Amino acid sequence: MRRLVVDDPQEYKEVKKFIKTYLPRYSSIVEQYRRKEPIFDHYGIEEVIDRALGQKVWLKSGGYLVINQTEALTAVDVNTGRYVGKASHEETILKTNLEAVQELVYQLRLRNIGGIIIIDFIDMESQQNRQRIYQALKEELKNDKARSKILQISEIGLVEMTRKRDRENLERLLSSPCPYCDGTGRIRSMS
């Protein structure tokens, strides 16, 4: 831990007291936030939360992921979006799919998504390219603490996988069922 920043003056005193009593070697990392700008705005936390709860996640290239979580499974759709690439169509698709692999595994960890996950990569004609995507996904998942199992990418670009979750997923922690649509949609909770 590099530093702990607390914006509420009373909470800052409490945290400082606790750290000094039980973890004195860490007392120098506690800082009080004193700016007028809200702390979440200053550190970009609101943006990260929006990205973690949003259905659409943009990739740097202009492509995007669409993540739909249901009770039974999570479906992830990969799209090229506004990315058209400079090389062949197949090369554009390969690049987008490879970029999507990294973001997908990051989102799985960030959102703590578990259970059955179906990933719909953009269709690739080359079996060799499908294998590259599969290997990239396996490689990225090696760094994930949660145990997962993935099946080979299908002819139409689908990957089936399971991922063990050890705590509640982020969407359920930060939102609550919508009272207007009887839980079919979600709104952010106040807590």
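The model is predicted, with local features needing pLDDT of at least 70 and side-chain atom pairs counting only at pLDDT 80 or more, while totals for chains, interfaces and linings use all residues. Residues are numbered from 1 along each chain as its sequence is written, and side-chain values use heavy atoms, with hydrogens and water left out.

**Exercise 1.** Determine how α4 and α5 are oriented and which classes of residue form their contact.

*Solution.* Start with the geometry: helix α4 (residues 89-111) and helix α5 (residues 127-141) pack at an angle of about 20 degrees, with axes 10 Å apart. That makes α4 roughly parallel to α5 (angles under 35 degrees). Next, list the contact residues (heavy atoms within 4.5 Å), which include Leu94, Leu98 and Val101 of α4 and Ile133, Ala136 and Leu137 of α5. Finally, sorting the contact by class gives ten nonpolar, three polar and four charged residues.

**Exercise 2.** Determine how α3 is oriented to α4 and which residues make the contact.

*Solution.* Helix α3 (residues 45-53) and α4 pack at an angle of about 100 degrees, their axes 10 Å apart. That makes α3 roughly perpendicular to α4 (65 to 115 degrees). The contact is then made by Arg51, Ala52 and Leu53 of α3, together with Glu103, Gln107, Leu110 and Arg111 of α4, and by class it has three nonpolar, one polar and three charged residues.

Notes: Axes fitted to C-alpha atoms, helices over the stretch in contact; angles between N-to-C directions. Helix = DSSP H or I, 4+ residues; strand = E, 2+ residues; numbered from the N terminus. Parallel < 35°, antiparallel > 145°, perpendicular 65-115°, else oblique. Nonpolar A, V, L, I, M, F, W, Y, C, P; charged D, E, K, R; others polar.
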